[in-house]
Amino acid sequence: MNEEEKYLFDLRGYLVLPDALSQEEVADVNTALDHHGLWEGENKLGYQLLKRYNPFIANAGPLHTTQRPVRNLISHPAVLPYLEELLGPDLRYDEGQVLYARKGAGALILHNGNTPWEYPPLTYQVRDGRIYGGHMIAAFCLTDALADQGGFAVVPGSHKSNFEPPEAFQTWEKVGDWVSRVPVRAGTVVIFADTATHGSWPWVADFERRVVFCRYTAGMVQHTSPAPVPSDLPDEEWTPVERRLLRPPYAWHFQHDEAGYAEKSRTSVRTADGWVMDDHSRQIVPVADDTASERD
């Protein structure tokens, strides 16, 4: 992240990356998601998890078991460096799904906010010029969602709010300039802190809205159970980056050679110069032998 991006993310709680996906990538993923059959009450793509909230909106997944090229988005090279900056290089992929919406889909309530004492994994802090996030979301926009069509809604700055949004705000009973529209074109990725109060505006466009949501946590955090792991698709060939992301949460000296990932009994630490791997050997301080004088 450059200084402008870091400033905007810390200020608003989200960052818009236009054209993070090429138009070819957008077309390939959309082709893989076509003919899902959800509006006819079917599940032609074989999603293991499927939630139809009403005839106009559905979430489907889990993403890491979905066909390629859809699940390629989990480790997308244009997005991963931003997530590593926000969560650290030991980040892990926690969950994901495809959102489908068509005209008639109502607004999704405004939810979350910086209330870490109620739910510790949803944290956002800045220390010594660096961001320490607990849970970040990357929204891969596969269709346009312009200001007059609906789509992502967010309360800028709410990722640092000390109070929960009033119920009338959450349910859209009251709407004001505190909630923003974030218009996007297909290929845009919106990265936002899950601590930001967010939801969606009613979808009024004539075409189907599609967004792939990928959720990531710091290495020691788990938001969803069970944790996604490569063994969920044992016959799949996973890249080294995917294996690194698809590992269970850990807080110290994680190692699991058989599963294809290992930290060699080390942990990542942040220094003034950035992230480094440290085995802590330099932090061992010799203890004086207080009994030496007694023996003498």
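Asn 112 counts as partly exposed, since its relative accessibility is 28%, and in this predicted model the residue has a positive phi of about 70 degrees although it is not a glycine. Its place is the loop between β5 and β6 (124-127). Asp 128 is another residue other than glycine with a positive phi, here near 55 degrees, and it belongs to the loop between β6 and β7 (130-133). With a relative accessibility of 80%, Asp 128 counts as exposed.

**Helix α3**

Helix α3 covers residues 80-87, and within it Leu 80, Tyr 82, Leu 83, Leu 86 and Leu 87 are buried. When the helix is viewed down its axis, the buried residues of α3 fall within an arc of 155 degrees, so they line one face of the helix. An α-helix has 3.6 residues a turn, so residues three or four places apart point the same way. After α3 comes Gly 88, which has a positive phi near 95 degrees.

**The largest pocket**

The largest pocket holds about 1000 Å³ of space and has a lining of 47 residues, of which Tyr 53, Asn 59, Glu 95, Gln 97 and Arg 215 lie nearest its centre. The elements that give two or more residues to this lining are β2 (49-54), β3 (57-61), β4 (92-101), β5 (108-111), β12 (198-201) and β13 (209-217). Among the contributors to the lining of the largest pocket, β4 gives the most, with seven residues. By residue class, the lining of the largest pocket divides into 25 nonpolar, 15 polar and seven charged residues.

**Cysteines**

A disulfide is a covalent bond between the sulfur atoms of two cysteines. With a cut-off of 2.5 Å between cysteine sulfur atoms, the count of disulfides comes to zero. Cys 141 counts as buried at 7% relative accessibility, and Cys 214 is also buried, with a relative accessible area of 0%; both values fall under the 20% limit that defines a buried residue.

Key
Residues are numbered from 1 along each chain as its sequence is written. This is a predicted model: local features need pLDDT of at least 70, side-chain atom pairs count only at pLDDT 80 or more; totals for chains, interfaces and linings use all residues. Side-chain values use heavy atoms; hydrogens and water are left out. Buried means under 20% relative accessible area, exposed over 50%, partly exposed in between (1.4 Å probe, protein chains only). Helices (H or I, at least four residues) and strands (E, at least two) are DSSP runs, numbered from the N terminus. The arc is that of the directions from the helix axis to the C-beta atoms. On a 1 Å grid over the protein atoms alone, a cavity is a set of points where a 1.4 Å probe fits but cannot get out, and a pocket is an open set with protein on both sides within 12 Å along at least five of seven lines; lining residues have an atom within 4 Å of a point. Grid points are joined across faces, edges and corners, and a volume is the space filled by probe spheres set on the points. Ala, Val, Leu, Ile, Met, Phe, Trp, Tyr, Cys and Pro count as nonpolar, Asp, Glu, Lys and Arg as charged, and the others, Gly among them, as polar.
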